[in-house]
Amino acid sequence: GSAWGDWAQYTDSPLRAFENELGVQAPVGYWDPMGMSKDGDLKTFRRRREAELKNGRVAMFATIGFITPEYFRFPGYLSPAKELKFSDVPNGLAAFSKVPLTGWIQILIFCGMVDFGLYRADDSRDPGDYENAGILGVPNASGPMSDVEGRKRKLNSELANGRLAMVAITGMLFQNGMFGTTGPAMWGFEA
């Protein structure tokens with residue numbers, strides 16, 4: 001037989017603890033190339049899954065936020081005191097130097113209020129399932145999903161989309177930083 005034996009018969013592996021968790025998807029299955037979960041610690045796994053969900057959600061917003069300004073800008077002023085219009089703020093990484101410090105402080109305070117107020121982690125609930133949020137974390141008073149299989153499918157989709165968005169925003173930021181392109185030019189199209 002094999003030097004390693006039959007994996008199906010090796011039931012004592014700590015890796016087995018996470019094979020049926022959300023986010024374990026074909027064709028890879030449970031993937032832990034660095035062995036960070038080899039000790040089978042459920043508390044650590046839940047904390048990492050919570051972080052993965054939050055980072056994925058932020059990355060999805062960031063990806064949309066990177067693309068949207070190419071096609072839509074709010075009318076009016078971003079900072080009336082500095083006479084800075086929304087249309088004057090460049091896209092991509094160049095926006096960091098144009099938005100006033102008070103604007104960044106407002107953004108950080110808002111994100112902190114959402115993270116520590118509305119979306120507070122609760123160990124008695126699944127990672128990413130917040131008491132003050134509706135279906136899939138959207139605070140729309142929809143309440144929890146009663147369809148267990150539908151909920152599982154949607155949460156697996158959210159994890160997969162979040163993983164893709166993390167890769168996408170990283171690529172967009174590197175593309176923008178290396179070549180200075182945003183929008184259609186980033187994808188090889190002319191505006």
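Student: Which residues form the largest nonpolar core?
Tutor: This model is predicted: local features need pLDDT of at least 70, side-chain atom pairs count only at pLDDT 80 or more, and totals for chains, interfaces and linings use all residues. Residues are numbered from 1 along each chain as its sequence is written, and side-chain values use heavy atoms, without hydrogens and water. A nonpolar core joins buried (under 20% relative accessible area; exposed is over 50%, partly exposed in between; 1.4 Å probe, protein chains only) Ala, Val, Leu, Ile, Met, Phe, Trp, Tyr and Cys residues through side-chain atoms within 4.5 Å. The largest one has 6 residues: A59, F66, A165, I169, M172 and M186.

Student: Which helix gives the most to this core?
Tutor: Helices here are DSSP runs (H or I, at least four residues), numbered from the N terminus. Both α1 (42-67) and α3 (148-179) supply at least two residues of the core. With 3 residues, the top contributor is α3.

Student: How far apart are the end C-alpha atoms of α3?
Tutor: The expected span is 1.5 Å times one less than the number of residues. For the 32 residues of α3 that gives 46 Å, which agrees with the model. The end C-alpha atoms of α3 lie apart by 46 Å.

Student: What covers the buried residues of α3?
Tutor: Those buried residues include A165, I169 and M172. Contact means heavy atoms within 4.5 Å. The cover includes α1 and α4 (183-186).

Student: Is F74 buried or exposed?
Tutor: F74 sits in the loop between α1 and β1 (77-79). Along with I67, Y71 and F72, F74 forms a nonpolar surface patch with about 470 Å² of accessible area together. At 55% relative accessibility, F74 counts as exposed.

Student: Which residues are linked with E52 in a network of salt bridges?
Tutor: A salt bridge puts a side-chain nitrogen of Lys or Arg within 4 Å of a carboxyl oxygen of Asp or Glu. E52 pairs with R49, closest N and O atoms 2.9 Å apart, and with R163 at 2.4 Å, N to O. E52 is in α1 and R163 in α3, so this pair ties together parts 111 residues apart in sequence. The network links E52 with R49 and R163.

Student: Where does D115 lie, the partner of K54?
Tutor: The side chains of K54 and D115 meet in a salt bridge at 2.4 Å, N to O. K54 is in helix α1, 61 residues away from D115. D115 lies in helix α2 (residues 101-118).

Conventions
Patches are made of residues with over 30% relative accessible area and no salt bridge: like charges are joined within 9 Å, nonpolar side chains (Val, Leu, Ile, Met, Phe, Trp, Tyr) within 5 Å. Accessible areas come from the Shrake-Rupley method with a 1.4 Å probe; for residues, only the protein chains shown count as cover.
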